[in-house]
Amino acid sequence: MSISASVNAWFAQNQERVIGWRRHLHSHPELSNEEVETTDFIVRVLAEYGLKAVRFPGTGCYVDIGPDTGKRIAFRADIDALGVPEQTGLEFASLVPGVSHACGHDVHTTVVLGLACALSTIDVPLSIRCIFQPAEEVMGGGALDVIEYGGLKGVSSIFALHVEPKLRVGQIGVRAGAITSAADVVRLEIEGPGGHTARPHMTADVVYCLGAIATQLPALLSRRVDPRTGTVMVFGHIEAGDAPNAIPKRGRIDGTIRTADISIWRGLKDLLTDLIDMIVAPTGCTYHLDYVQGVPPVLNDDAATSLAVTAARSIDPHAVVTSPQSSGGEDFSWYLEHVPGTMVRLGAWDGTGVKPDLHQGNLMIDERAIGVGVRLFGAIVEQYSAAAAAGAGM
């Protein structure tokens, strides 16, 4: 049988077991960089299929399958959970108070784990690396640690998927170029001498300055950046003072700034500093900017995306849909700074009721999506193997 057919047959025979893996992971979520039991579970399952995982320092691991020579293709799964209480009422709901797989990483992990175990039962003609990455949900992302630990060594191309509850199960969302956005955090501390609200002209009004920043900074940014780049700034926290008749000495405003354009992203801090200078100067206040750079946009490679489309259509001619560009951040982008690859959206809505959203405690995933993901990745291995044999590649 072909690689794809072999993976499909393995999943058909082991579907109940694989679903059980997902339910175990779902019941035992662990926060970023705390995925100790999750890593142990992955290592144990791989060992049952004769695969020896390489642990990263701390948490997470990877496993190689097939020959050590030639091109190596990688598949990445993020294994951490969120600090979000589960509200699904499932029999296998989270057993950890305040923590759940509200972003579907349990599904991602299960898909890649299933792929690895399926491939272990056949002779694959090229090297496969399955990466189980910790800490995707924290600023900066655990992908940087995986790269530092050598997780990309020898890798020629990398693939990933993310559950998408806005797509019906069976659908696979693809997009060449930016599919996610850069996501940075902006924190501003504003200071002044303080004073009485009866005499604002004798001090520097911190509250007025905060209001000016909250309204003018996003507006000015929209006139300095091409709107087609999807650059948007939104403040989520502002505070100052305690009394209605006292102008406070300090205040704070925090927000996020996102963009789908990597060249814009690289210059955002300098641009914001210039704009803040112009807004704050007339108020007489001073400020301190804490700019926390997150992850760049996920920029899907054209060739890798085309290969994923071909693979998806090989398992279902009607599966492929165009995925909209998201304003969310995703640290898979760090891998794509080093090697070409693509991330696809895995449909997870069962077709009934309201479509849920990610990062919500009521997120429900149609478990049929796991089989779609395993079959998709098996088909990608086959397509990549055929391209490598023909002398093509990414």
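Reply: The model is a predicted one. Helices here are DSSP runs of at least four residues and strands are runs of at least two, both numbered from the N terminus.

Across the whole structure, a search finds eight aromatic pairs. One of them is formed by Phe75 and Phe377: the ring centres are 4.6 Å apart and the planes meet at 45°, so the pair is tilted. This pair connects distant parts of the chain, since Phe75 belongs to strand S3 (residues 72-78) and Phe377 to helix H10 (residues 368-389), 302 residues apart. Burial is defined as under 20% relative accessible area. Phe75, at 0% relative accessibility, therefore counts as buried, and Phe377 counts as buried because its value is 1%.

A second tilted pair joins Phe332 and Tyr335, with ring centres 5.8 Å apart and planes at 55°. Here both partners lie in helix H9 (residues 332-336), three residues apart, which is about one turn of the helix. Phe332 and Tyr335 are both buried. Elsewhere, ring pairs link Trp10, Trp21 and Tyr49 into a cluster.

Aromatic faces also receive charged side chains. Arg129 lies over the face of Tyr62, 4.1 Å from the ring centre. Likewise, Lys355 is placed over the face of Trp349, at 4.8 Å from the ring centre.

Strands of a sheet pair through backbone hydrogen bonds, either parallel or antiparallel. Strand S5 (residues 155-168) and strand S16 (residues 341-349) run parallel and are joined by eight bridges. Within this pairing, Val163 has Leu346 of S16 as its bridge partner.

His108 gives a residue-level view of helix H3 (residues 105-119), in which it is found. With 1% relative accessibility, His108 counts as buried. Apart from neighbours within four places in sequence, His108 is in contact with Ala77, Asp78, Cys103, Leu161, His162 and Val163. Val163 is also the residue whose bridge partner in S16 is Leu346.

One further region is marked by a record. The unreviewed UniProt entry annotates residues 186-276 as "domain: Peptidase M20 dimerisation". This span is 36% helix and 32% strand, and its end C-alpha atoms lie 11 Å apart. Ile257, in strand S12 (residues 250-259), counts as buried at 1% relative accessibility. Beyond its neighbours within four places in sequence, the contacts of Ile257 include Val186, Leu221, Leu268, Leu272 and, among the aromatic residues, Tyr291.

Notes: Residues numbered from 1 in each chain as written. Predicted model: local features only at pLDDT ≥ 70, side-chain atom pairs only at ≥ 80, totals over all residues. Heavy atoms only, no water. Buried < 20%, exposed > 50% of the residue type's maximum accessible area, 1.4 Å probe, protein only. Contact = heavy atoms within 4.5 Å. UniProt positions renumbered as here; feature names shortened; annotations may be inferred. Phe/Tyr/Trp six-rings, centres within 6.5 Å; stacked < 30°, edge-to-face > 60°. Lys NZ or Arg CZ within 6 Å of the ring centre and 35° of its normal. Pairing = 2+ DSSP bridges.
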